[in-house]
Amino acid sequence: HDAAGRLAQALRSDLHAGMSPARAAAAYPAVFDAPLVALVRAGEASGQMAGAFEEIEKLVAKRNRLRQ
């Protein structure tokens with residue numbers, strides 16, 4: 001597996017073990033920094049996880065554009 005595949009497997013395992021999505025994400029701070037974890041928490045609290053992940057996708061894309 002590549003790094004993304006290993007991360008996905010680890011997250012899947014954490015979620016299956018009963019960890020909340022925000023806590024699972026927070027366990028990998030090199031990938032999910034505080035603003036990203038906050039978006040996941042907001043999605044959990046509002047019941048709008050799909051919307052939270054859309055916002056995360058937008059934020060990551062914007063960060064990547066700024067790095068170029």
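Against which elements do the buried residues of α3 pack? They pack against α2 (21-26) and α4 (49-67), as the views below set out.

This is a predicted model, in which local features need pLDDT of at least 70 and side-chain atom pairs count only at pLDDT 80 or more, while totals for chains, interfaces and linings use all residues. Residues are numbered from 1 along each chain as its sequence is written, and side-chain values use heavy atoms, with hydrogens and water left out.

**View 1. Overall arrangement of the protein.** The protein has four helices and zero strands, in the order α-α-α-α from the N terminus. Helices (H or I, at least four residues) and strands (E, at least two) are DSSP runs, numbered from the N terminus. Along the principal axes, the C-alpha atoms fill a box of roughly 35 × 35 × 20 Å. Of the 68 residues, 19% are buried (under 20% relative accessible area; exposed is over 50% and partly exposed in between, with a 1.4 Å probe and protein chains only).

View 2. Helix α3 (residues 34-46) has 13 residues and reaches 18 Å from its first C-alpha to its last, close to the 18 Å expected at 1.5 Å a residue; the expected span is 1.5 Å times one less than the number of residues. Its buried residues are L36, V37, V40 and G43. They lie on the same side of α3 because they cover an arc of only 115° around the axis, the arc being that of the directions from the helix axis to the C-beta atoms. On the other side of α3, A34 and A45 are exposed. Just after the helix, G47 takes a positive phi of about 75°.

**View 3. The buried side of helix α1.** In α1, L7, L11 and D14 are buried. Their arc around the axis is only 60°, which puts them on the same side of α1. The buried residues of α1 pack against α2. Just after α1, G18 takes a positive phi of about 100°.

View 4. D14 lies in helix α1 (residues 3-16). The residue is buried yet has no salt bridge, and the nearest side chain of opposite charge, R23, is 8.6 Å away. A salt bridge is a side-chain nitrogen of Lys or Arg within 4 Å of a carboxyl oxygen of Asp or Glu. Leaving aside neighbours within four places in sequence, D14 is in contact (heavy atoms within 4.5 Å) with M19, A24 and Y28.

Key:
Lys, Arg positive; Asp, Glu negative; His and termini not counted.
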